[in-house]
Amino acid sequence: MWHSSLKMPALASVFAVATAIGLNGAAAQETTFPPGAPGATTTIDGRYLPNPPPPFMGDIQTNANQSKPYWPGLVVPPKGAPNILLIMTDDVGFSAPSTFGGVIPTPALDRIAAEGLRYTRMHTTALCSPTRAALLTGRNHHSVATGVVVDQATGYPGYNSVIPRDAVAIGEILKLNGYDTSWYGKDHNTPQWEGSQAGPFHNWPTGAVKGFDYFYGFLGDDASQWQPNNLFRNTTPIQPYLGNAGWNLTTAMADEAITRIKMLNDVQPDRPFMIYYAPGGTHAPHHPTKEWVDKIGAMHLFDDGWNKLRDTIFANQKKLGVIPENAELTAWPDTIPEWGSLSAEEKRLFIRQADVYAAYLAYTDHEIGRVIQAVDDIGKLDNTLIIYISGDNGASPEGTLNGLFNEYAVANAVNPTVEQNMQFYDEWGTDQTYPHFAVGWAWAWATPYQWTKEVASHFGGTRNGMAISWPARIKDAGGIRHQFHHVIDVVPTILEAAGLPEPVSINGVAQRPIEGVSMAYTFDDANAADRRMTQYFEMFGSRAIYNDGWIASAPPVGAPWILTLEQPPADVMNGFKWELYDTNKDWTQAHDVAAAEPDKLRDMQQLFTMEATKYGVFPLDDTRLQRFISKKPSYSPGRTEFTYSGTIMNVPFPDTGTAPSLLNRSYTITAEIEVPEGGAEGMLMTDGGRFAGYGFYLLKGVPVFTWDLVDLERVKWQGKEALAPGKHTVEFDWKYDGPGLGKGGTGTLKVNGTVVDSHPMPKSLPITLAWDETFNVGIDTGTSVDDADYQVPFPFTGTIDKLTVKLGPSEE
C-alpha cells in the first residue's frame, strides 16, 4: 500500500542511526556533498564488507514528478589512500640481486630501494604457494591451509590448499573498499581440482576469497615463458603465443599491467588501484630473451665460479650495509663440490646455466621497471606504495648437482648427467629447454646464509630482500631497515597505509584475526624496536622458531636436491637435530650454541610446539614426491571412462579427474574418426608436450602414438600406411607391468581391429607430465610431443565422431 510520503522502512531507519554513529563506536562513514546526488561518493566503515545497503533517503510518491531520487554513494577509499603496487618475484635468493650485494643488475629493485627503504630481515616460508598465501592474507601459511604447495595438498586443515573464507585476501578487502584490483603472473594458490575452465571459480584470483577484479597469468608451479599452455585471462584459457614468434610472457604481462594502468588513468583517474605483480621469473624454466643472455654473458660475471662469487657478494653486502660488519660467512657444505674440483666441461656448463639465470633475473627486473615507470609516467608515483619483495623463498636447489636441461626430469626422479645437459648447451634458455641451474649457484645466492629454498630452518631458505617506497610518506630515501619481519606483515601494512580497518566480517563470514603486524612504524624510524618478536617456520619437517633474537633450527635430514622414488619418511618429530643461534651476536646462523645452551634450546623447542599447535602446523610430514602423487579431491572421483566428440582443449590437472591420467596404469584409447577425401592428419589426443607427455595423432594420414620421456627418449608406435577416406577406428592399448611407479609395459596400436604395431616400452613416467601443458582432443595448443613430426596447433583435419579413454586401476 502506498502512502503520501514514503521515506524509508523502519529497519532502514535503525540502520541509518547505527551507521551515523559508527558500528561499535568506530568512526562514522564519510560522504561527499551533496549526498544522494549522482556523483556522490562515500568512504565506508570498512569492518563489515561488503558495506550493508544504505537506507534510501529520498522521497517516493506515486508520481515521479512529486518524488525525490537519492543515489547511493559510490564506495571509494579514504581520501589520500595510496595506489598499491605489490611485487613478488620467484625463487630469488637473498644475494642474487645487486640491491642486496649480488652481481646481477636489478635497477628496478635498486630504484625502489633508493627512493624508499631497503629491508634486510624480511622472511618468507621457504616455498612458493605457502609464501603467497601468507602474503595475500596476512596470516601464517598453515593458518590458511597452505603448509606446502597446492600440488602436495593433504587432507589436514593446515595443508588442504583451500584458503578458508574466514581469511579473505587483500584483493577482496581493497576491492570492497573501492579500489580497482588486478593480478598479473603466477597463481599457485588455486586448489588443483578447481583449476580447470569448468571451475568452480570462487578460489581463483577473481573469486570472492582472493577478490581481484582482473587476472592475467598462469595457474601452477611455473610456466614456459615462450609457450605457457596454462595461461588465463580471468578464467578463460588463452594462447597468445600461437603464431607469434618471439613472444615472451615476461614482457607480455608487463604490457598487460601497463595497459590497465593507462586505461584506469584515462577512464577513472581518481580511483586508486592495487596491482599484485607476480612474474614467473626466476622460477625454472629460465627463459630470458637472447638479447638479455648476450648482455649478461658479455659481463663474465660467473667465470670464477660459485665459491669466489660468495666472497665477492659478501664483501658487497658489507659495503652496502645490508649485513653488519661483524657478520660471518657461513661454511660451504660438504655435499656440494668446490668450484676448483670441477672439470673444464662442468665449469663451462655451469657458467652457461648461471649466465642464463642472471639474464632471466635482469630481464624480469627490467620488465618490472617498465611497470613502475608507467605509474611514474601518469604522475602517480608519489602516492603509490610500492612493496617489492625479491623472491618468495631462497634460491632453488631443485636443479640438483648438475643442473637440468628439463625441470620435468627431476620431477620424475631423473637426474641428467653433465653429458646429457651439454647436448642442450646452445639451446639453454630457449624454448627447446626447460632449464635450471646446478645447486652450487643456489647456495652462492644465499650468501651469507646457509641452505636454500624448501629449508625453513635457516635464513638461506627464508630470508629475502625487500624494498618499499612511497615518496609522499617515506622521506628517508635510501634508508636501511633491519627490523625482523615476515610476509604476513604486508597486509596490515597496506591496510594502515590506506587508512582501512581490519575487517570483522567479509561476505557474511566472520574473519579470523590477521596474524601480521604493520611495518609502517619503520617508515620514519630506522632504530624503532622490533614489533615482530616471535615467528615460527616449517616446511617438509624442517623448522625453526624465532624469538627476540634467538632462533632454534631443525634442518632437513637429507639434502632437498636429492629426490628419489624410494624416499622413506623420516622420524619427523625426533629425527631432526636441533641447532640454536643467538642472532643478536650471530647474524648469519654461523655458530650453533645448542650444546652450550641446553635450557634455552629446550625453551625454544617448547615455544615451537605451542606456536605450531596454535597455527595448525601438525601433523609434520617430510615427504615430497609421495604427497605430489597422493589422491586429491575430485568432482568426478573414481572416473575411469572419458568420452569426447569434436575438439576440447586446455584442460589442466588430469590427476584430479578433469581429464584422463595415464600414468602408472593400463589404459585403452579408442578414436572413431572419419577421414575426408584427400586424407587427414592432426592430433587426436595429447597431454604434455616437448618436455614430457604423449600424443596420439595422424601424421600424413598414418596413425602414430608417441611417448616423450622427459626429452631424453621418445618411443613410438606407428601404422604402415595412410588411412583411406571413410570411417575408421584407431586404438592404442597399453598393458602396464605394475605394481609400482614408472614401470614398463606393452603398447599395441590397432586400425579397424587389426594390430599394426606392438612392442614394449621398458619404463614410463612415474610422477608427472609437463604441468604447464594441458589435455587436448583434436588439437595441440602447447608444444609438440615431437617437433620432428609436427608443429602446434596441428588440428585434426578429419572428424572425431567419438574418442573414448578407458583407464585400468592405478598401480602406484
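What follows is a chat about a predicted model of one protein chain.

Colleague: Hi! Before I start clicking around, what should I know about the model?

Modeller: The model is predicted, so local features need pLDDT of at least 70 and side-chain atom pairs count only at pLDDT 80 or more, while totals for chains, interfaces and linings use all residues. Residues are numbered from 1 along each chain as its sequence is written, and side-chain values use heavy atoms, with hydrogens and water left out.

Colleague: Great. How many helices and strands does the chain have?

Modeller: The chain has 15 helices and 33 strands. Those are DSSP runs, numbered from the N terminus: helices are H or I with at least four residues, strands are E with at least two.

Colleague: And how compact is the chain?

Modeller: Its radius of gyration is 28 Å, close to the 28 Å that the globule rule gives for 812 residues, so the chain is as compact as a globular protein of that length. The radius is taken over C-alpha atoms, and the rule is 2.2 Å times the number of residues to the power 0.38. Along the principal axes, the C-alpha trace spans about 85 × 80 × 50 Å.

Colleague: What share of the residues is buried?

Modeller: Of the 812 residues, 62% count as buried. Buried means under 20% relative accessible area, exposed means over 50%, and partly exposed is in between, using a 1.4 Å probe and protein chains only.

Colleague: What about contacts between residues at least 6 apart in sequence?

Modeller: Of those contacts, 74% join residues at least 24 apart. A contact means heavy atoms within 4.5 Å.

Colleague: Switching to charge: how many positive and negative side chains are there?

Modeller: There are 60 positive and 91 negative side chains, and the centres of the two sets lie 4 Å apart. Lys and Arg count as positive, Asp and Glu as negative, and His and the chain ends are not counted. Each charge is placed at NZ of Lys, CZ of Arg, CG of Asp or CD of Glu.

Colleague: I like aromatics. How many aromatic pairs does the structure hold?

Modeller: The structure holds 49 aromatic pairs. One of them is Trp306 with Trp332, which is stacked, at 6.5 Å centre to centre and 20° between the planes. Rings of Phe, Tyr and Trp (its six-membered ring) pair if their centres lie within 6.5 Å; planes under 30 degrees apart count as stacked, over 60 as edge-to-face and the rest as tilted.

Colleague: How are Tyr357 and Phe437 arranged?

Modeller: Tyr357 and Phe437 pair edge-to-face, with 5.0 Å between centres and 90° between planes. Tyr357 is in helix α8, whereas Phe437 is in the loop between α10 (418–422) and α11 (439–444), 80 residues apart. Both Tyr357 and Phe437 are buried.

Colleague: New topic: is helix α3 enclosed or exposed?

Modeller: In α3, 10 of the 10 residues are buried, so the helix is largely enclosed by the rest of the structure. Take Ser129: it is in α3 (residues 128–137) and is buried at 0% relative accessibility. Leaving out residues up to four places away in sequence, Ser129 touches Thr146, Val148, Val149, Val150, His188 and Asn189. After α3 comes Gly138, with a positive phi near 75°.

Colleague: Which residue has a positive phi although it is not a glycine?

Modeller: Ala145 is one of them, with phi about 65°. Ala145 sits in the loop between α3 and α4 and is buried at 2% relative accessibility. Asn664 is another non-glycine with a positive phi, about 60°, and it lies in the loop between β23 (648–651) and β24 (667–675). Most residues other than glycine have a negative phi, and most peptide bonds are trans.

Colleague: Where is there a cis peptide bond, then?

Modeller: The bond from Leu49 to Pro50 is cis, with omega near -5°, and Pro50 is in the loop between β3 (48–49) and β4 (74–75). A cis bond also joins Thr447 and Pro448, with omega about 5°.
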